[in-house]
Amino acid sequence: MESKTFRHLHRSFMGIMTRWMHFYSILFAGLWIFIAFSCIAQQSDSQIWYTYNHQAILSKKWGYTFDLNHRTGMVNNMQARISAARFGGIFFLDRNHRISGGYAWFGGYLKNAPVQMLDENRLWQQYLTLHKKGNLQYFNRFRLEQRWREQLPAIGSKRGKDFFQVRARYMFQIQGPVYRSATPREFMLWWQTASELMLQAGKGIDKHYFDQLRLIGGFVIQFNKSLSLATLYQYINQYRVQQHINQNIHTVRFTLLHTLDFTRHNNDWGPVPSQE
């Protein structure tokens, strides 16, 4: 009886998720069209993001993850903007569901300021789902962050005060194959598109609970089962509290995805989302 009830609940959940994915796919296409109109009237910036994203499987249930991130300006202004490092543990509920959490450090570089960098320390918790339908792969990621963000120091002080903020993030990603080699699980070329919405609360946000919206599209080269390279365009619409403006940020992202399996049992826990 319990097994039948569980199967019924599982089928109901999967039906809801399928309908939601169809709706979100249509909404996502509309958001890309919205970019063309929203970019005209707002201040914009351009950046390049370099990311190394690593995940390792230690056992059937446990793993770890970390990523390194460096962001610079683009073309005429290649000044460093942000450097970051994030790490944490992963618990695999099953092949399609996993939870994780850990710590992250972000350093924001400043220009013409009394200090060269402002620090941000984060704790983060995450729930990730992966669903496959035909040749398509769907990711849903829910992340909660507790952020301690350093502010500009007062005159004569070497370090600013920390403002505590909480941020909730939801990401949806779809990818499908463009080219598949004859050798199983070897070279492949994927197309990929994703979006992420971030909402915030806490000190220093000036009652602006919307933080940013990201829209992402591009290609992923899978060299083998362990190593992939994502080349993506990312549009960000973000509210800047200090300047009291909505800013558009156009970004080119290069992400090296690296997965290791230490169990030697050839576990296949599926691909890793290319969004850090």
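**Nonpolar core.** I looked up the largest nonpolar core of this predicted model and found eight residues: Met-188, Trp-190, Ala-194, Ile-216, Val-220, Ala-230, Leu-232 and Leu-257. I took a nonpolar core as a set of buried Ala, Val, Leu, Ile, Met, Phe, Trp, Tyr and Cys residues joined through side-chain atoms within 4.5 Å. Buried means under 20% relative accessible area, exposed over 50%, and partly exposed in between, with a 1.4 Å probe and protein chains only. Two or more core residues come from each of strand 8 (188–202), strand 9 (210–222) and strand 10 (227–240). Strand 8 gives the largest share, three residues. Strands are DSSP runs of E with at least two residues, numbered from the N terminus.

**Basis of the entries.** I number residues from 1 along each chain as its sequence is written, and side-chain values use heavy atoms, with hydrogens and water left out. The model is predicted: local features need pLDDT of at least 70, side-chain atom pairs count only at pLDDT 80 or more, and totals for chains, interfaces and linings use all residues.

**Aromatic rings.** I noted nine aromatic pairs in the structure. Rings of Phe, Tyr and Trp (its six-membered ring) pair if their centres lie within 6.5 Å; planes under 30 degrees apart count as stacked, over 60 as edge-to-face and the rest as tilted. Tyr-50 and Phe-254 are stacked, at 6.1 Å centre to centre with 20° between the planes. This pair links strand 1 (residues 43–57), which holds Tyr-50, to strand 11 (residues 245–261), which holds Phe-254, across 204 residues. Tyr-50 is partly exposed at 37% relative accessible area, and Phe-254 is partly exposed at 32%. I also recorded a cluster in which ring pairs link Tyr-127, Phe-142 and Tyr-170.

**Charges over rings.** I checked for NZ of Lys or CZ of Arg within 6 Å of a ring centre and within 35 degrees of the ring normal. Arg-71 lies over the face of Trp-49 at 3.7 Å from the ring centre, and Arg-143 over that of Trp-124 at 5.5 Å.

**Strands 2 and 3.** I found strand 2 (residues 62–73) and strand 3 (residues 80–94) antiparallel and joined by 11 bridges; pairing requires at least two DSSP bridges. Trp-62 stands opposite Phe-91 in strand 3. The two strands form a hairpin with six residues between them, and Val-75 in the turn has a positive phi of about 60°.

**Ser-83.** I located Ser-83 in strand 3 and noted that Ser-83 is buried at 12% relative accessibility. Its contacts (heavy atoms within 4.5 Å), not counting residues up to four places away in sequence, include Asn-69, His-70 and Trp-105.

Note on methods: Helices (H or I, at least four residues) and strands (E, at least two) are DSSP runs, numbered from the N terminus.
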